[in-house]
Amino acid sequence: MPTAYEKGLHEVADGVWAYLQPDGGWGWSNAGLVTGDGASLLVDTLFDLRLTAEMLEAMRRATPAAEHIGTVVNTHANGDHCYGNALVAGSEIVSTARCAEEMGQLPASTMAAMMRAAPSLGRAGEFLARIFAPFSFDDVPLTLPSRTFEDRLDLRVGDRHVSLIEVGPAHTAGDAVVHLPAEGVVFTGDILFHGGHPIVWAGPVANWIAACDRILDLEPAVVVPGHGPLAAASAVADLKGYFEFLTAEARLRFEGGLTAMEAARDIDLGPYAGWGEPERLVANVHALYRDFGADVPSDALTLMGEMAALAG
């Protein structure tokens, strides 16, 4: 398995590639290409059309099978995994039913409007403008999945078996992972942020822990995370440990009467202190407080403001 974290295609099994985008932070997502007997399946598109076009060109240079992408799988509804769908609109686009519904709720046009309004949105706007400055959301058509599933869908890519497994709601409402059983490869979408803090938009956190267990049960040799460098199964176990640790720490502070922000400032992350995007901690504590029964904000703009405050 390649270990270098460099932008571009990395072949992780014969005819199977991961497309990596360092540094894996906000918006810098990964994708994948699965080929077999001249057929091809794309795992996720990228955050804008320019980046997606660059990726597709790299794939075409790597293999003739990428000239005509037969199937696209969107692992979840965040724009950095689906806004590039317009460039593969002639393919069959597959997602979970919940993912397809959620994709319609935050099209790129809404992101473009938020970016234009950022100067009037205070600290949250400043944060949005900074983290999403490299991306262009203007004139990106909404391209929704043409096929949906629930629980599990088995596909063929030439002679290759590919399983789509629904594991959400966790990161988002409709998360799925892509498993290649014969090759021992799993594309996790954002169920795994490798080297960075995850962010819980939907939850409950217990579901995310269960999703980690489902991936570990597959015993993958190679894990392609939604963000960050290529990984082994141990990275999934580490993320499960993070959520178990955070659940216990947040519970103590919730029962002690601290607000979510106070709890986030108070928690000593210990072995997870070196992970990137530490401001996401406050969003995750908010999610846990909701799981504990608290009435705390869950809208993205409020959470962005809280993360901006934690980031200083």
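Is T96 buried or exposed? With a relative accessible area of 1%, T96 is buried, where buried denotes under 20% relative accessible area, exposed over 50% and partly exposed the range in between (1.4 Å probe, protein chains only). The model is predicted, so that local features need pLDDT of at least 70 and side-chain atom pairs count only at pLDDT 80 or more, while totals for chains, interfaces and linings use all residues. Residues are numbered from 1 along each chain as its sequence is written, and side-chain values use heavy atoms, with hydrogens and water left out.

T96 belongs to strand β6 (residues 92-96); helices (H or I, at least four residues) and strands (E, at least two) are DSSP runs numbered from the N terminus. A polar atom of the T96 side chain lies 2.8 Å from the backbone oxygen of G174. Leaving out residues up to four places away in sequence, T96 touches T148, F149, E166, G174, D175 and A176, a contact being heavy atoms within 4.5 Å.

V73, in strand β5 (residues 71-73), is also buried, at 2% relative accessibility. Beyond four places in sequence, V73 touches L41, L42, V43, D44, V94, L164 and V178.

A124 takes part in the packing of helix α4 (residues 122-131) against helix α9 (residues 300-311). The angle between the two helices is about 85 degrees and their axes are 8 Å apart; axes are lines fitted to C-alpha atoms, for helices over the stretch in contact, and angles run from 0 to 180 degrees between N-to-C directions. The angle makes α4 roughly perpendicular to α9, given that 65 to 115 degrees counts as roughly perpendicular, under 35 as roughly parallel, over 145 as roughly antiparallel and the rest as oblique. On α4 the contact involves R123, A124, F127, L128 and I131, and on α9 L301, M304, G305, M307, A308 and A309. These residues comprise nine nonpolar, one polar and one charged (nonpolar: Ala, Val, Leu, Ile, Met, Phe, Trp, Tyr, Cys and Pro; charged: Asp, Glu, Lys and Arg; polar: the others, Gly among them).

The largest nonpolar core has 81 residues, and F132, F137, W208, V285, M304 and M307 have the most contacts inside it. Such a core is a set of buried Ala, Val, Leu, Ile, Met, Phe, Trp, Tyr and Cys residues joined through side-chain atoms within 4.5 Å. Another core, of 24 residues, lies apart from the largest one and includes V16, L153, L164 and V185.

D190 is located in the loop between β11 (185-187) and α5 (205-217) and is buried, with a relative accessible area of 2%. Its contacts beyond four places in sequence are H76, N78, H81, H171, W208, G226 and H227. The D190 side chain makes polar contacts with the side chains of H171 (3.2 Å) and H227 (3.4 Å). A polar contact is a pair of N or O atoms within 3.5 Å; within protein, one must be able to donate a hydrogen and the other to accept it, and residues adjacent in sequence count only if both atoms are side-chain atoms.

Most residues other than glycine have a negative phi, and most peptide bonds are trans. Cis peptide bonds join P22 to D23, with omega about 15 degrees, and G168 to P169, with omega about 5 degrees. D37 has a positive phi, near 55 degrees, and is exposed at 65% relative accessibility. Phi of D139 is positive at about 60 degrees, and D139 is exposed, with a relative accessible area of 74%.
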